[in-house]
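Got your viewer open and ready? Let's take a walk through this model, one selection at a time.

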Amino acid sequence: MINTIDDAYSLAGGHVHSLHDKKIGSLVINENRVLSANAVEGAVVETDTRDNEVFIKLRIKAGYKFEDPLHLCFGVLSPDAAQKINIDITTEENSQVALQAHCIFPNAVDVLHAMDAKITIGPGSKYSYNEVHYHGEQGLVRVIPNAKIILEDGAQLVNSFSLIQGAVGKMQFDYDIECRDNSLCHMIAKVFGKFDDDIFIKERAHLKGANSSAILETRMVIKDNARTEIYNEIVGEGDGSRGHMDCKEIIAGKNAVAKAVPVVTVTSDRSKVTHEAAIGSIDSDQLNLLMSRGLSSDQATEVIVNGLLR
Amino acid sequence: MLDIKNLNLQFGDKKIFDDVSMKVHPGEIYALLGRNGTGKSTLASVILGLIKPESGEISFQGERIDELSLTERAKRGIILAWQKNIVVQGLTTREYIRISSRNGMTDADIEACLEAVGLSCGEYIERILDNKLSGGERKRIELASVLAAKPKLAILDEPDSGIDAVSLAMIEEVIKKIAEQGAVLLITHQEDILRISTRAGILCGSKIIREADPEHAIKYFKKHCDICETVNNPKWDMLTKGA
């Protein structure tokens, strides 16, 4: 049993000093209680709790460029609890910020982690969001993140979601991104599903603006009785817009089921959207290469899986 | 060191090995010479345990290894430098070389292996082994990884392909160094690299048709195998017997 957020944060790979150093922007939430919020110059954070839901507003002021990431920690230490986060993030014109989020549920037996996000990335601003999950090896976590994201003219987004440690549980991931003129979006989701995990990912990028671009990248490994359904869609509307979807999944075992559905919609003859999806067992050439260096089959598989999810 | 006796293998109607026997002795660089498609890489796969022959015996350092797995053969010191470029997504040069060394290498050791094949450590140690690397770069990293493995028998499958003349001299030195630790089975159809071999065998028409010193082997190869290739070409049958 992990008893403190700091211990859980360390276990998830976070550096605890990031949550306590006053020079580093941070926000720590356990269940639906805000434990600490440390705003730094250029970032305005407002929090509120009502009806068992945490409301967060984060605004990055125009022109502020953060060299170091701001840290978010969303934890549930109880085995049985619900955490609901409603977050509204705005990055103003020509700002730059990276958010490092750890979502940690080490003792979960039946935990709900639901997040509704509204994110507006202002003109010319750069925003990256790296979310790392740490779950216990057993029990059920229901992970339900929904996000509506708008990239204004010239904005850039890199969103990375990683759920590799522990059992996923049940995940319903639904992101909708609108890309305006000259904006750029790169979504990366990496998930390792095992046991009876049920993983559903839906990402939709609408390339409304001229010369906007989006990459939707998914990397999955599933085994045991895990199931995945990946729905990726890019709509190419703006002149000169470019989109690409890339889904790679390794499936191990006879009971796991993987399904990937890439949807390409293009409404402009000056837009181009491509996709590639590959689902299959561990590649035998890769396996042989590593085994020919003395690794066992299991060790070689681990190297290949870790490489894909890196 | 390596002793292959009476090896037979057939794929469908095609005889790949017809009673092939050969030996590689300690300290030797044995060049296996043959045209494309004569079964040189297949022989490497048989030695490694990736392909099981219909009959025959393979012994290594006095031990029968026919029933050993790929992993077990590698642990006994039989290491292949692969001909084809196999990408393990996300794997870096450092990790690949460290795996090959059975995790016994420091960064300084890895640097020495990379520099031996003419690659700068600073530029390559963190590089992901993907298709952005050229064929020549990948070949050299592969050879560095074999060097790191300290093999008792290194099977080098066309280590010279995609390598320029300057780098070739460097690679030849590495191959000699590997042979000092054990032995090398050098698979090639190129003449240049043969100069470092101590003995050569010619694989042609499912058999090792001749073993000789490199100079005589290449002469025989040029004289005999062009004819042999023509005779073994299906078009020959069409020409001589009518389509």
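Start where the two chains meet: 17 residues from chain B and 16 residues from chain A make up the contact. Keep in mind that you're looking at a predicted model.

Now colour the chain B side of that contact. Which helices each supply at least two residues there? Select helix H2 (70-75) and helix H3 (93-100) of chain B, and you have them. H2(B) gives the most, with four residues. By type, this side of chain B splits into 11 nonpolar residues, four polar and two charged.

You'll find four helices and 19 strands in it. Its radius of gyration is 20 Å, close to the 19 Å that the globule rule gives for 310 residues, so chain A is as compact as a globular protein of that length. Its C-alpha atoms fill a box of roughly 55 × 55 × 35 Å along the principal axes, and 45% of the residues of chain A count as buried.

Hop back to chain B and select its open sheet of six strands, which run in the order S6-S7-S8-S3-S9-S10 with mixed pairing. Look at the edges: strand S6 (78-81) and strand S10 (207-212) of chain B each have a single partner strand, so one side of each has no neighbour in the sheet. From one strand to the next, the twist averages 20°.

Zoom in on strand S9 (residues 199-204) of chain B, which pairs with S10(B) in the antiparallel sense over five bridges. Click B:Ala200, and its bridge partner in S10(B) is B:Ala212.

Last stop: helix H7 (residues 165-181) of chain B, which packs on the sheet and touches strands S3 (29-33), S7 (153-157) and S8 (183-188) of chain B. The direction of H7 makes about 140° with that of S8(B).

Notes. Residues numbered from 1 in each chain as written. Chains lettered and ligands numbered in written order. Predicted model: local features only at pLDDT ≥ 70, side-chain atom pairs only at ≥ 80, totals over all residues. Contact = placed C-beta atoms within 7 Å. Nonpolar A, V, L, I, M, F, W, Y, C, P; charged D, E, K, R; others polar. Rg over C-alpha atoms; globule rule 2.2 N^0.38 Å. Buried ≥ 20, exposed ≤ 12 C-beta atoms within 10 Å, placed from the backbone. Pairing = 2+ DSSP bridges. Axes fitted to C-alpha atoms, helices over the stretch in contact; angles between N-to-C directions.
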